[in-house]
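Hi everyone, thanks for coming.

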Amino acid sequence: MRAEARFFKSLSDETRLKILWLLSGSEELCVCDIIGVLRITQSKASRHLRYLYHLGWVTDRRDGLWMNYRLCVPPGSPGEKLLKLLEELLAPQPEAQALRGQMARCLEAKQHPECAKTLKFSQKKSPQGFD
């Protein structure tokens with residue numbers, strides 16, 4: 001039961017829950033996308049992503065200087081069932097919808113070079129904690 005306890009413990013942190021929520025709505029996300037939307041430091045995001053990585057929730061891929069993450073939960077596993085439950089519980093919540101909307105805008109801005117420059121500048125000026 002130790003593995004199951006660690007598995008559930010991974011869901012008990014609000015930041016990790018938000019990261020899983022964002023990853024469940026995207027094929028793959030860069031750490032910079034996650035820190036931009038959640039307004040957390042790079043070290044905090046990396047620490048939580050490493051935690052999720054070691055528990056088998058996510059896998060990573062390096063692209064130059066950037067680390068990209070995606071969910072890697074096997075079909076039919078307890079993790080997949082929990083992610084479906086997570087989706088069911090969070091989908092109707094306004095805060096969860098807002099996070100996904102912010103991520104969509106962030107990813108859209110990256111598609112347009114001029115918007116990406118503006119986004120990068122505004123992220124430098126944004127607070128490092130949650131609002």
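This is a predicted model: local features need pLDDT of at least 70, side-chain atom pairs count only at pLDDT 80 or more; totals for chains, interfaces and linings use all residues.

Okay, find helix α2, residues 14–24, and helix α3, residues 31–38. Their axes sit 11 Å apart and the packing angle is about 120 degrees, so α2 and α3 count as oblique to each other. The crossing of this pair is right-handed. Who meets whom here? On the α2 side we have Thr15, Lys18, Ile19 and Leu22, and they meet Ile34, Val37 and Leu38 of α3. Sort the residues of that contact and you get five nonpolar, one polar and one charged.

Now look at α2 against α6. Here the angle is about 55 degrees, with 10 Å between the axes, and that makes this pair oblique as well. Again, the crossing of α2 and α6 is right-handed. From α2, Glu14, Lys18, Trp21, Leu22 and Ser24 come up against Glu95, Ala96, Leu99, Arg100 and Met103 in α6. This contact splits into five nonpolar, one polar and four charged residues.

So what about the core? The largest nonpolar core has 28 residues, and Leu22 and Trp57 touch the most other members. Elements giving two or more residues to this core are α2, α3, α4, β3, α5 and α6. Which one gives the largest share? That's α2, with five residues.

Last stop, Trp57. Beyond its sequence neighbours within four places, Trp57 has contacts including Phe7, Leu20, Leu52, Arg70 and Leu83.

Definitions and conventions:
Residues are numbered from 1 along each chain as its sequence is written. Side-chain values use heavy atoms; hydrogens and water are left out. Axes are lines fitted to C-alpha atoms, for helices over the stretch in contact, and angles run from 0 to 180 degrees between N-to-C directions. Helices (H or I, at least four residues) and strands (E, at least two) are DSSP runs, numbered from the N terminus. Angles under 35 degrees count as roughly parallel, over 145 as roughly antiparallel, 65 to 115 as roughly perpendicular and the rest as oblique. A crossing is left-handed if the near helix is turned anticlockwise from the far one by less than a right angle, and right-handed if clockwise. Contact means heavy atoms within 4.5 Å. Ala, Val, Leu, Ile, Met, Phe, Trp, Tyr, Cys and Pro count as nonpolar, Asp, Glu, Lys and Arg as charged, and the others, Gly among them, as polar. A nonpolar core is a set of buried Ala, Val, Leu, Ile, Met, Phe, Trp, Tyr and Cys residues joined through side-chain atoms within 4.5 Å. Buried means under 20% relative accessible area, exposed over 50%, partly exposed in between (1.4 Å probe, protein chains only).
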